[in-house]
Amino acid sequence: MSNWKRTKETVTILEIHHNHLYRLRDSGELKIGKHWRDVSSRNARRPSYRWHVLNIERYLNSPAEKR
């Protein structure tokens, strides 16, 4: 089973709101390739993301001073 999940699955597993997930991504706290990736087609109207649940969970559970 892959650790890369759609947004809806990710927020359900991690029990966080999707806005929080996007804020972490937009702030640069979550890194492209390690925590998330854009899997949209070139002609997509809006982006489609996949999130690495395990890496995000590790990040969220790490002490704030070590992030």
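Which residues of helix α2 are buried? In this predicted model, the helix spans residues 18-27, and L21, L24 and R25 are its buried residues. Seen down the axis of α2, they fall within an arc of 100 degrees, so they line one face of the helix. An α-helix has 3.6 residues a turn, so residues three or four places apart point the same way. R23 and D26 lie on the other side of α2 and are exposed. The buried residues pack against two helices, α1 (7-14) and α3 (53-61). They also pack against two strands, β2 (36-38) and β3 (49-52). G28 follows α2. The phi of G28 is positive, near 90 degrees.

The overall layout puts this helix in context. The chain contains three helices and three strands. Read from the N terminus, the order of elements is β-α-α-β-β-α. For 67 residues, a compact globule would have a radius of gyration near 11 Å. The value for the chain is 12 Å, which agrees. Along the principal axes, the C-alpha atoms fill a box of roughly 40 × 25 × 20 Å. Of the 67 residues, 31% count as buried. The accessible surface comes to about 5,200 Å². Carbon and sulfur atoms account for 46% of that surface. Contacts between residues at least 6 apart in sequence were also examined. Among these, 53% join residues at least 24 apart.

Helix α3 also has a buried side. Its buried residues are V53, N55, I56 and Y59. They cover an arc of only 165 degrees around the axis, which puts them on the same side of α3. The face turned away from that side carries the exposed residues R58 and N61. The cover over the buried residues of α3 includes β1 (4-5), α1, α2 and β3.

Aromatic rings form another theme. The count comes to four aromatic pairs. One of them joins Y22 and W51. The ring centres of Y22 and W51 are 5.7 Å apart and the planes stand at 65 degrees, so the pair is edge-to-face. This pair links distant parts of the chain. Y22 belongs to helix α2 and W51 to strand β3, 29 residues apart.

A second pair is formed by W36 and Y49. Here the ring centres are 5.6 Å apart and the planes are at 80 degrees, so this pair is edge-to-face. W36 lies in strand β2 and Y49 in strand β3, so the pair ties together parts that are 13 residues apart in sequence. Ring pairs link Y22, W36, Y49 and W51 into a cluster.

What does W36 touch, leaving out residues up to four places away in sequence? The list includes two residues of the ring cluster, Y49 and W51. W36 also touches W4, R25, L30, K31 and R50. W36 and W4 are 32 residues apart in sequence. In space, their C-alpha atoms are 8.1 Å apart.

Charged side chains meet some of these rings. The charged end of R25 sits over the ring of Y49, 4.5 Å from its centre. R25 is also one of the buried residues of α2. The charged end of R37 sits over the ring of W4, at 4.0 Å from the ring centre.

Where is E15 placed in the chain? E15 lies in the loop between α1 and α2. The phi of E15 is near 55 degrees, a positive value in a residue other than glycine. Is E15 buried or exposed? At 72% relative accessibility, E15 counts as exposed.

How values were computed
Residues numbered from 1 in each chain as written. Predicted model: local features only at pLDDT ≥ 70, side-chain atom pairs only at ≥ 80, totals over all residues. Heavy atoms only, no water. Buried < 20%, exposed > 50% of the residue type's maximum accessible area, 1.4 Å probe, protein only. Helix = DSSP H or I, 4+ residues; strand = E, 2+ residues; numbered from the N terminus. Arc of directions from axis to C-beta. Contact = heavy atoms within 4.5 Å. Phe/Tyr/Trp six-rings, centres within 6.5 Å; stacked < 30°, edge-to-face > 60°. Lys NZ or Arg CZ within 6 Å of the ring centre and 35° of its normal. Rg over C-alpha atoms; globule rule 2.2 N^0.38 Å. Areas by Shrake-Rupley, 256 points an atom, 1.4 Å probe, with all protein chains shown as cover.
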